[in-house]
Amino acid sequence: MRIPDGVLGVKPQPKHGWELAIQKEKLKTPIVDSHGRTITEAVVEVTWTGKLLDENFDQFGMHMKLPNKPGETLYFPTVQECERGVHRWIEIPAAGKSRSDYKEPAPFLKLLPKAQRH
Amino acid sequence: MARFVAFILFPLLLAAGHPAHAHAVLVETVPADGAVLADPPREVILRFNEPVALVTVRVLVIDARPIADGARAQVENEAVVLPLPPDLPHATYVVSYRVISLDSHAIAGAIMFSVGDAPAGDVRLEAEDLATVLSLAATRALFLAALLIATGAILALWLVADFAGDFVRRGRRTVLLAGLAALLLGALLLGVAGCNFAGVPLTGLADAATWRLALSAALAQTLAVAGAGLTLMLAALPRLEHGSNRLVAVAGSLIALGSLALTGHAATAAPQWLMRWAVPLHALCAAFWLGALPLLAAAVRTEPPERAHRYAVRFSAYALVAVTTMLALGLALAIVQVEHLALMWQTAYGIVLQCKLAAIALLLAVAAYNKWHATPLLADDSPGARAIFRRAIYAEYLLFAGIIAFTAMLGEIEPPRAQVERDARALTGGADFTESRTQAGYRITLSVAPARAGHNALAIDMTDADGRTVTPREVALELSLPAAGIEPLRRHAQHHASGRFIHHGNDLARAGRWRIEVHALIDDFTKPIVTFDVPIR
């Protein structure tokens, strides 16, 4: 799974029986986080390798700090490599189109404005 | 010594062949097809990819009034230039042409241009006279059969029977009948081909102009050489007991078979180092087999069992080499002509080739039965042995007839290789449909040639935001025709040496507004998708 720009502090959840690989890259401009620390690199790709039968499902978790950009949609293109064949859930809808127009759309998060508390 | 000299003649003949040429293809026209001109043109130029012989060219106003014809046309190598009358009025004009390419096929077509107004509607091509086309295929099949039997009988007499006296006496009649039939059918084929070139019905056989036209085509060369070979064979026939006559007969046989190397879209195809000699050698193996059949049938009927068995065994030994060679060459020829395996099912040529392969499979089954079951029976002279052997031979005759008919049909149909060449050339020369769309910072260009229902070549080019060429890892296409309810066909374009991604196929089989989605996989996580609306005529 590829992590979009702006998402920081990514911590994937390890799974019993699965290998977890994390790929990091240097940031173009270092960022100072809320604790005052300077961050020079970020996780760009997370890979879980293991065996999951077709008749089962499983969950893969990640902790991450989302950017403060309400209204924006973040895409997490994911490649699923199976015993036979590869599925690339990487299709990003073009302007004016929706996810339902595509066969293998990328997983996404739509950022909403902070809820008003009464 | 005789065999050595005879085999020298074969390659010498092949060396005299023409350089490689495919079906002629119209490369450029001035004015261009569909052009709208402000001023009337002074002449029409039709440029092909190889030298052609002109049959007819006419310029008509769209309501079919002729304004110029081929009388003043000039052929300069691969260009046909036709001067037009000055000051053509504002109208839409049709240029209808018919030429003969080097592989003896007639290429007909029409282009349109307008002076002043926009063109309207589609152009209808001249319909081929169906009777002429069928007669051509039938005559070609009969000629081929007669040629193979005559030449094959001589080869069989030589290799299997060593020109033994009684075989020669019996075989003489076969060679004489088949040889004369081949000569007559060859002449008839020339006439029917002439009618086909001229686009006239079979009544054209009575017209001297049809024959003159046929003689100017490359096919006449093949028939002339075949005729020469057949004449040599027939001349040597009365005195085959003498050694020198045997040499002449075998030489004639090889020359007649070698004539098949001179024309036809198989022998003239690339790669020439393979095709030029593979075609006649393939025919030679088939001829030997076919020509040996009457010999064996006669042997079984009249010879004592041990002798008949001995000849059958000898034939088997030679046949094994001949059949293996024939199959290997046939496979090579098929691969070159069909090019992409998918086209075996999508084209008429592919379907007929499959019928031929099915018939060959049956023939091999009968031959195997003959070799391993019927032939050994002859040795013990079991009661039904001769009958079984003869019946197997008749079955082989029947299957051969079918195979030759299919082969003659293949000779008439444009092979997929030629379609692919034609459309690939159209792609580089300026495709009939080209459009570019941008998505996610990438500019994707789709070109389609000839953008007509049937075989098409699609090319995809890609550049990034700075205009640099990008080579995606994979390019997938989804072709659909929503109006006709054709769901998306998923195809993959192949990476070409030129850097583009190209797909050839008959998927765009109907006219209409096709939706072509291009999925260009840049890397594991990036795949821009662009949709094009492509009108197919």
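**Figure 1. Polar contacts across the interface of chain A and chain B.** Three residue pairs, both partners at pLDDT 80 or more, are in polar contact between chain A and chain B. A polar contact here is a pair of N or O atoms within 3.5 Å; within protein, one must be able to donate a hydrogen and the other to accept it, and residues adjacent in sequence count only if both atoms are side-chain atoms. On the side of chain A that touches chain B, seven residues are nonpolar, one is polar and six are charged. For this division, Ala, Val, Leu, Ile, Met, Phe, Trp, Tyr, Cys and Pro are nonpolar, Asp, Glu, Lys and Arg are charged, and the others, Gly among them, are polar.

A word on the model before the next views: it is predicted, so local features need pLDDT of at least 70 and side-chain atom pairs pLDDT 80 or more, while totals for chains, interfaces and linings use all residues. Residues are numbered from 1 along each chain as its sequence is written, chains are lettered from A and ligands numbered from 1 in the order in which they are written, and side-chain values use heavy atoms, leaving out hydrogens and water.

Figure 2. Chain A brings 14 residues to the contact and chain B brings 13 residues, where contact means heavy atoms within 4.5 Å. About 1000 Å² is buried between the two chains, with carbon and sulfur atoms giving 50%; this is the accessible area (1.4 Å probe) that two parts lose on being put together, summed over both. Arg88(A), Ile90(A) and Glu91(A) supply 43% of the area that chain A buries against chain B, more than any other three residues.

**Figure 3. A salt bridge between Glu91(A) and Lys527(B).** In this pair, the closest N and O atoms are 2.9 Å apart. The rule, a side-chain nitrogen of Lys or Arg within 4 Å of a carboxyl oxygen of Asp or Glu, finds three salt bridges across this interface. Over all chains the count comes to 16. The pair crosses from the loop between β7 (86–89) and β8 (108–110) of chain A to the loop between β16 (512–521) and β17 (529–536) of chain B. Strands (E, at least two residues) and helices (H or I, at least four) are DSSP runs, numbered from the N terminus.

Figure 4. Strand β6 (residues 78–81) of chain A runs antiparallel to β7(A), joined by four bridges; two strands pair if DSSP finds at least two bridges between them. Thr78(A) stands opposite Trp89(A). Four residues lie between the strands of the hairpin, and Gly85(A) in the turn has a positive phi of about 95°.

**Figure 5. An eight-stranded sheet in chain B.** Have a look at the strand order, β10-β11-β12-β15-β14-β13-β16-β17, in this open antiparallel sheet. Its edge strands are β10 (433–439) and β17 of chain B. Seven bridges join β13 (residues 474–481) of chain B to β16(B), and Val475(B) stands opposite Ala520(B).

**Figure 6. A mixed sheet in chain B with a helix across it.** Five strands form an open sheet in the order β2-β9-β8-β4-β5. Helix α3 (residues 165–198) of chain B lies across β4, β8 and β9 (106–115), running at about 160° to β8(B). Such angles run from 0 to 180 degrees between N-to-C directions, with axes fitted to C-alpha atoms, for helices over the stretch in contact.
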